[in-house]
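Student: I am new to this structure and would like to know what stands behind the terms used for it. Please go through them one at a time.

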Amino acid sequence: MGIQEINKILKEASIEELRMLIPQFESDERAGVIKLVERAKKRVLAFEEEVKRTFQMKEYERKYEKCRYICGIDEVGRGPLAGPVVAAAVILPKDVEIYYLNDSKQLSEKKREQLYDEIMEKAVAVGIGFADEKVIDEINILQADYVAMRQAISKLSVTPDILLNDAVTIPEVAIPQEAIIKGDTKSASIAAASIVAKVTRDRFMVKMDKEYPGYDFASNKGYGSARHMQAIREIGPCEIHRRTFLKGISGLA
């Protein structure tokens, strides 16, 4: 078998298939095949490490294993100059295996999109909440966070038994909850919520780029990039800018 053909087989193989294929090719003494086998072994090893990491990410889920519905909650969009803050509440099945869950900021856009689809397909329930720029300007960003989180919880199709939150305790919620510092790196449920919230908000800001051209929202997602700041100085803020976030910034409204 030619090296290019072996490369194609190994490249397209699943992890389970690789475990069976590696012994078949590792006796091949051709330098090219040796390199391909080593690469395949590294891929298997990396996946095994991910399995261990995923197990660790379920520490809090194991802590509350007696609860029927464990809900992870996270939000995105506290820092941008424009657009809403978005919160997500996600309940995953207890026996689900979704690998590579992590803080959404640690993942590439492509990986977030892939995981978003997998989460939405496998989740028991997902709720999403928005607090727009007007709410943020009226009651401040922290209170707007809480509004979005409560809205996300209210949109779940089932009632959670426990809420696992990224670093905050949500007021005016009767459901038991635990605030976990850096929870999106310690809890699979919170990480899933982080990804859903991030992808949802990013998609919204891409739509806003078409509605309010000139601010580069599709790229900066409302954050204060140099191009975004320059656009505000040149054409002024648009409808979805957070006026309270623009105060005190030289040359802005």
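Tutor: Start with two helices: the axes of α5 (residues 109-122) and α8 come within 9 Å and cross at roughly 115°. Axes are lines fitted to C-alpha atoms, for helices over the stretch in contact, with angles from 0 to 180 degrees between N-to-C directions. Helices are DSSP runs (H or I, at least four residues), numbered from the N terminus. This is a predicted model, where local features need pLDDT of at least 70 and side-chain atom pairs count only at pLDDT 80 or more, while totals for chains, interfaces and linings use all residues. Residues are numbered from 1 along each chain as its sequence is written, and side-chain values use heavy atoms, leaving out hydrogens and water.

Student: Which residues of α5 and α8 meet?

Tutor: From α5 come R112, E113, L115, Y116, D117, I119 and M120, and from α8 A192, I195, V196, K198, V199, T200, D202 and R203. Contact means heavy atoms within 4.5 Å.

Student: Why is D202 called buried?

Tutor: Buried means under 20% relative accessible area, exposed over 50% and partly exposed in between (1.4 Å probe, protein chains only). D202 has 11% relative accessibility, so D202 counts as buried. Leaving aside neighbours within four places in sequence, D202 touches R112 and K221.

Student: What makes A188 buried?

Tutor: The relative accessible area of A188 is 5%, and therefore A188 is buried. A188 lies in helix α8, residues 188-211. Beyond neighbours within four places in sequence, A188 is in contact with M57, K58, E61, L92 and L101.
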